[in-house]
Amino acid sequence: VLPLVPTNYGDSPYQSVSSTAVNYYLIDFDVLNKKGLLKKCEYQHEVFTYNKDRVDFGILFDKKTKILRLAFSRYKPCTRFKKYVKDKESHDFAVFMTIKSMHNYNAWNYWNKEYRTYSKELEERVVKEHYDDYLFWVWTQFEFLNEWNKLHRYALKKGIEIMGDMPLYVAYDSVEVWKHPELFDLNDDRSF
């Protein structure tokens with residue numbers, strides 16, 4: 001399989017907003033329905049592409065995220081999720097996506113100036129002031145991993161091994177470059 005990271009502009013799994021996050025596009029609505037988080041009528045008639053042979057990532061992004069937010073609004077955090085949050089699993093991704101969503105999903109270099117440069121204080125303020133949005137992004141990772149692990153265990157029981165690729169590059173518009181620009185060959189103004 002290709003890398004399971006979220007795609008970004010250009011929809012390539014080799015240009016992700018995070019090299020360690022997983023792609024919430026792959027969360028199964030039927031699984032969320034069985035968990036009581038979605039009603040079938042809330043997603044079954046949605047059109048996610050206008051060409052049955054191709055994925056339309058623009059439509060998928062708009063509609064999938066909206067429906068996932070609806071499911072999350074009904075989610076009652078379990079002990080495992082609370083631990084996942086406390087252990088700061090997916091924390092960097094969630095902070096980055098929270099700020100990204102505040103800026104209409106634009107690249108970090110187009111964010112309001114006060115958000116363009118990472119700091120611990122900024123991170124803490126964003127989490128505090130936008131906690132529900134932050135938790136939504138953490139939940140997307142938690143939910144995907146639960147579904148993936150269940151699928152993976154099923155495949156192993158059937159004698160199927162899944163081999164995957166990993167992202168080879170870190171995208172400029174990524175949490176890694178935003179948070180650790182010193183690790184990348186950038187200009188003094190953090191452009192490339």
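Which residues is Leu32 in contact with, leaving aside its neighbours within four places in sequence? I looked this up in a predicted model. I found Leu32 in contact with Ile27, Leu37, Leu38, Leu68, Ala71, Trp139, Glu143 and Glu147.

**Core.** I then turned to the largest nonpolar core, which has 48 residues. Leu32 is among the residues with the most contacts inside this core, along with Tyr24, Trp139 and Trp178. I listed the elements that give two or more residues to the core: α1 (29-34), α2 (57-73), α3 (79-86), α4 (91-102), α6 (120-129), α7 (131-157) and α8 (175-179). The largest share, eight residues, comes from α7. I note for background that nonpolar side chains in soluble globular proteins tend to be buried together.

I looked up Lys35 next and placed it in the loop between α1 and α2.

**Cavity.** How many cavities of 30 Å³ or more are there? I counted one. The volume of the largest cavity is about 30 Å³. I recorded its lining as Ser16, Ser18, Ser19, Pro167, Tyr169, Val170, Ala171 and Glu176. By class, I sorted the lining residues of the largest cavity into four nonpolar, three polar and one charged.

Terms used. Residues numbered from 1 in each chain as written. Predicted model: local features only at pLDDT ≥ 70, side-chain atom pairs only at ≥ 80, totals over all residues. Heavy atoms only, no water. Core = buried A, V, L, I, M, F, W, Y, C linked by side-chain atoms within 4.5 Å. Buried < 20%, exposed > 50% of the residue type's maximum accessible area, 1.4 Å probe, protein only. Helix = DSSP H or I, 4+ residues; strand = E, 2+ residues; numbered from the N terminus. Contact = heavy atoms within 4.5 Å. 1 Å grid on protein atoms, 1.4 Å probe; cavity = no way out; pocket = protein on both sides within 12 Å on 5 of 7 lines; lining within 4 Å. Points joined across faces, edges and corners; volume = space filled by probe spheres on them. Nonpolar A, V, L, I, M, F, W, Y, C, P; charged D, E, K, R; others polar.
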